[in-house]
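Subject: Structure for you to look at

Hello,

Here is the structure I said I would pass on. Please open it first, then read the notes below with it on screen.

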Amino acid sequence: MKKIIFIYLTFINLAYGYNYDSLLLKAQASIFPKVMLLDKKIKDKLVDSNIVYTIVYDKSDYDTALFIRDSINKKYKGYFGQYVYKINLVEFSNLSKETQASAIYILNSDKNIKKAANIAKEKGIISFSYDTDNLRQGLLFSLILEKSMVLYLNKDNLYTQKVDFVSSLLQIVKFVDKKNI
Amino acid sequence: MKNNKVKSLSSKIILSIVLVSLLIITTILTIFEKINKEAFYNIETEKVHIIAKTIEPLIALNIYLGLDDKINQLTTQLIKNPNILAVKVLIGNTVINEVKSKEYENNLEDSFIVKDTIFEPNSKKEMGFLILIYSSKNYQELLHKYTLFITALLIFLGVLFLVLGLYIKRLLSPLGEIATLLKNYSPDKEMEIPFIKSNNEIGLISGALTNMQESILKYSKQQQNINNYLEEEVSKKTAELVKQLYTNALTGLPNRLSLLNKIKNDDKGALLIINIDDFKEINDFYGHEVGDGILIEFSLRLQKMYNQNQNILLKHLSGDEFALFFIQKPSMEELMQIAKKLVNAVEKMIFFHENNEVSIRITIGGSYQIKGALEKADIALKSAKKKRKSYLIYDEKSNVEKLYKENMEWVRKLKKAMEQDKIVPYFQAIFDNQSNKIVSCECLIRLIDDEDNVIVPYKFLSIAKKSRLYSKLTKIMIEKSCRYFEHLDFDFSVNLSVEDILDLETVDYIKYNIKKYNVSNHIIFEILESEGIENYQEVSTFIDEMKTLGCRTAIDDFGSGYSNFEHLLKLNVDYIKIDGTLIKNLDTDKNAQVVVETIVEFARKLNIATIAEFVHSEAVLKKVKEFRVDRTQGFFLSEPQRQILLELHDKKTRQNSMDV
C-alpha cells in the first residue's frame, strides 16, 4: 500500500505539482513537531491550549499535505508530548495573519514562500520548510537527508521570531544564511 | 663516684628538632596526601562528569529527535579522547550505543566509571543513562608526581635538618670543651678557660666563668685563712674545755671526773675522801665568797702538804669535798696514819676573814681497794660522820653495800606496795584494866608482800623516812583507818610522828578525812615521843586544833626519849602510852618499876590516862595492874589482827563471860 501511494504521489507530482521525496516528508513529519517542542516559549504559541500545526500548500499539493498529516497522526497519535495538537491544512491563498497556527510547515510554492515566511514572522511562530532553498525566503527550519539527517536552521531568522530553543538544538543544527544556502 | 654518662645537649636539641619536625611533616604530609589524593580523584571524576554533562544534552537531543546516527557520531568522537575508554548510552536497560577504545580491556580496573542521567530536552523527564568509562592514567600520573614531590621534599628536609643539626652541634661544641675542662676544676689551681674572645654567648659564659674563678680563688684563700684561724681557736678552746672538764673551776685542782678516770685506769691505788664538816654553816654565816676563799686557801695548804709526795694526787671533788689518790697503794697503817695526820693538821689550821679566825674540821673516809674506791670511800665517810669519827677506812667485812642494796630493795617494795594498795592497817585491842573490856584499838601499819607475807613496820619505817615516803604511809593509814571505823562506834588510835604534825599538807589531809568519815569523837592520835619532841609549840597547836574537832591525843613511847614533864603539861594530852621497853621487863626490872610508878603518879595528878604496851605475859599484866596503869595493850591479851570486828566481838564476849 505504501508503495502504491508512493508511486501515485510520484506520478501526480510529475503530472500536476511539485516533486516531493516521501522519505523526506516522513522524516520531516516525524522531526519537525519535536523541534517545535524544543521551543521553551511553546506555551505562548498554543491556540486554545492546543498546538495547531498548520501545513501550508499549493492547491496541487493537497495530497502531499494529507500525506504529511497522516504521517504525523500515525506517529504522534493526537499528542505532541503533553499537548493535544490539531493539524490545519491551509492553502497559500488562504494563509493570512489570522490563520490559526502554533507552527507552520511550508510545502513548495513558486510565489508564496515569502508571504508565508512573513506571516510566520509576524505571528512569531516557528516555520518549517520542506525545501532548504526556501530558507532564504525567511523560513526557519528545514531538513534534508544526506548520509544522515541534517537539520538546517536559518540563522538570519533565528532571533526575528519569538522563539527560544534549548541550547543543545543549536549545537546539532546546521546553520545557514543568505550567503551559503 | 657514680659515673653518669654525659648526654650531649646539642644532640638532644637536634634530635628534638628532627623528631618534632618529622612528626609535624609526617602529619601534614599524611593529611595532605589524603586530601590531595581525594582532590586528584575528585578532579578526574569531575572532568569525566563535565564531559558527560557536556555531551549529555546533545545525546539527549539526538535520542529525542531519533537521530541515532548522530548519537554514534558523538560517542565515536568522545572515544577519540585517549582518556575515555568506553561510552555507553542506555535507554532503560537497553544499550542503544556502545563504543570502546582499544585500551579499554587493558585498563578496566584502573578506570573511573561515571554514570550520568540523560534527560529529555526542555523537560526533566529521564530518558536513559550515559556511562563513561574513564582512564585513571592521569590520576595515577598525578599521584606518582605527588609522591615524587613528597619524597624529594622529605629528602630535602632531612638534609636540611642534618645540616642544621651539624651546625648546632658545631655551635655548641665549645660548651662541651668548657665542661670537660671544668671537670678538673679545683679552687687551688687557676685554669685558662677557652673561647673567652668569642663574640657570642659562649664568649660571655667563658668570661663569666673566668670572673667566677677569680672570685672563688680569692674567696678560697680567705676561707683558708679563716679555717686556719678557726682550727687554732678550736684547738685552744678544746684544750681549755678539756682542762675545765677535768679541773675544778674554783681551786684549779683536778676534779671528780679526773679522779674517776684515774680510778678506772689504775689497779693498785687507794683513796681518801676529805669532807669539811658543816661547811654549809660557814657559807651561811660568812657568805659564799668567804666560803670559796676558805676552800681555795684549804686547797693551797693541801697542795703544799702533798706536793712533795709524788705518790699522792690531790683532787677537788665538789664544794667541800677533796680527795687524796694514792698511785701506789700504801700499807693500811700508812693510810690510816696519813688520814690521822691530816685530821690533826686541819684542826690546827686557822683561816682569817676580816679579823675573824675561822677554824674547820674534817672527816675522812677511805678505801684501801681501788675497785669501787670512790663509792667505798664515800660509804666510809658517811659511816665516820654517823659514828662521829674523824676518819674511817672502808671495811670490806662491814657489808655496808649489802645494807644499801637491801634499803634500796625496801624502797622499791614500798613503792610497789603503795601502787598495788598493799599497805594496810592491822588492829590491836587495848583493854581497860578495871573492866577488862576492850575500850579501843591501835591501828598498826603492815605491808603485804608479793608472797602475802605480813611485814611489820620496823623493817621499812626507817627506810620510808629516809626516802620521803613516810608522809604517804601516814596518809594511807589515816584514810584507811578512818574509813574502817566510819560506821563503828568504837575508839581507835593512829600513830603520828612529829614530822607528820609539822607537815601542813598531812595535817590538812587528816582534818579532811576526820570530817569525811565523821570519826572525830573516836580517833586518838598517838604522837611518837621516842625521838624526842623538840617542836613543842607546833605539836601543842596541832593537839589543840584536834581537840576543838573532838579528837583525843596520846604521847606514844613515853619514857623512851628525853621526856620533859613540863612540856608534857603544856601539851594537854589525854593519854600517855608508857614505852614498851619499860613495860616488857616490869615484872623483874626494879628501875623500870620506879619509872613506871612515877609516870603513872604524875599522869594521875594531871588526870591523864596511862596505857601500858608490850604486855606479853601474865606477870607483866599483873604488875601493870598493880601499878594502876589504866589500860593494857600487848600480845598477851591480843595480837594485831587484819579484821578487828570479829576479834573485838569475840574478846568482848570472852571478857564479858570472864567477868561473869
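Bear in mind that the model is predicted.

Helix α9 itself covers residues 373-386 of chain B. An α-helix has 3.6 residues a turn, so residues three or four places apart point the same way. The buried residues of α9(B) include B:Ala373, B:Leu374, B:Ala377, B:Ile379, B:Ala380, B:Leu381 and B:Ala384. B:Ser383 and B:Lys376 are also on that list.

Is B:Lys376 buried or exposed? Its relative accessible area is 10%, and a residue counts as buried under 20%, so B:Lys376 is buried. A polar atom of the B:Lys376 side chain lies 3.1 Å from the backbone oxygen of B:Lys371. Leaving aside neighbours within four places in sequence, B:Lys376 is in contact with B:Gly366, B:Ser367, B:Gln369, B:Lys371, B:Tyr394, B:Glu396 and B:Glu401.

Next, the nonpolar cores. The largest has 83 residues, and the members that touch the most others are A:Tyr53, A:Phe141 and A:Leu169. Helix α1 of chain B (residues 9-65) gives the most to this core, namely 14 residues. Another core, of 69 residues, lies apart from it; among its members are B:Ile445, B:Cys482, B:Ile501 and B:Ile543.

What is A:Tyr53 in contact with, leaving aside its neighbours within four places in sequence? The contacts of A:Tyr53 include A:Phe32, A:Pro33, A:Met36, A:Ile72, A:Phe80 and A:Phe128. A:Lys86, A:Ile87, A:Asn88, A:Ala103 and A:Tyr105 are also in contact with A:Tyr53.

Last, a sheet in chain B. Four strands form an open, antiparallel sheet there, in the order β2-β1-β4-β3. β2 (94-100) and β3 (111-119) of chain B stand at the edges; each has a single partner strand, so one side of each is left without a neighbour in the sheet. From one strand to the next the twist averages 15°. Strands of a sheet pair through backbone hydrogen bonds, either parallel or antiparallel. Strand β1 of chain B (residues 84-91) runs antiparallel to β2(B) and is joined to it by 6 bridges. To find this pairing on screen, look for B:Leu90, whose bridge partner in β2(B) is B:Val95.

Regards

Key:
Residues are numbered from 1 along each chain as its sequence is written. Chains are lettered from A and ligands numbered from 1 in the order in which they are written. This is a predicted model: local features need pLDDT of at least 70, side-chain atom pairs count only at pLDDT 80 or more; totals for chains, interfaces and linings use all residues. Side-chain values use heavy atoms; hydrogens and water are left out. Helices (H or I, at least four residues) and strands (E, at least two) are DSSP runs, numbered from the N terminus. Buried means under 20% relative accessible area, exposed over 50%, partly exposed in between (1.4 Å probe, protein chains only). A polar contact is a pair of N or O atoms within 3.5 Å; within protein, one must be able to donate a hydrogen and the other to accept it, and residues adjacent in sequence count only if both atoms are side-chain atoms. Contact means heavy atoms within 4.5 Å. A nonpolar core is a set of buried Ala, Val, Leu, Ile, Met, Phe, Trp, Tyr and Cys residues joined through side-chain atoms within 4.5 Å. Two strands pair if DSSP finds at least two bridges between them. Axes are lines fitted to C-alpha atoms, for helices over the stretch in contact, and angles run from 0 to 180 degrees between N-to-C directions.
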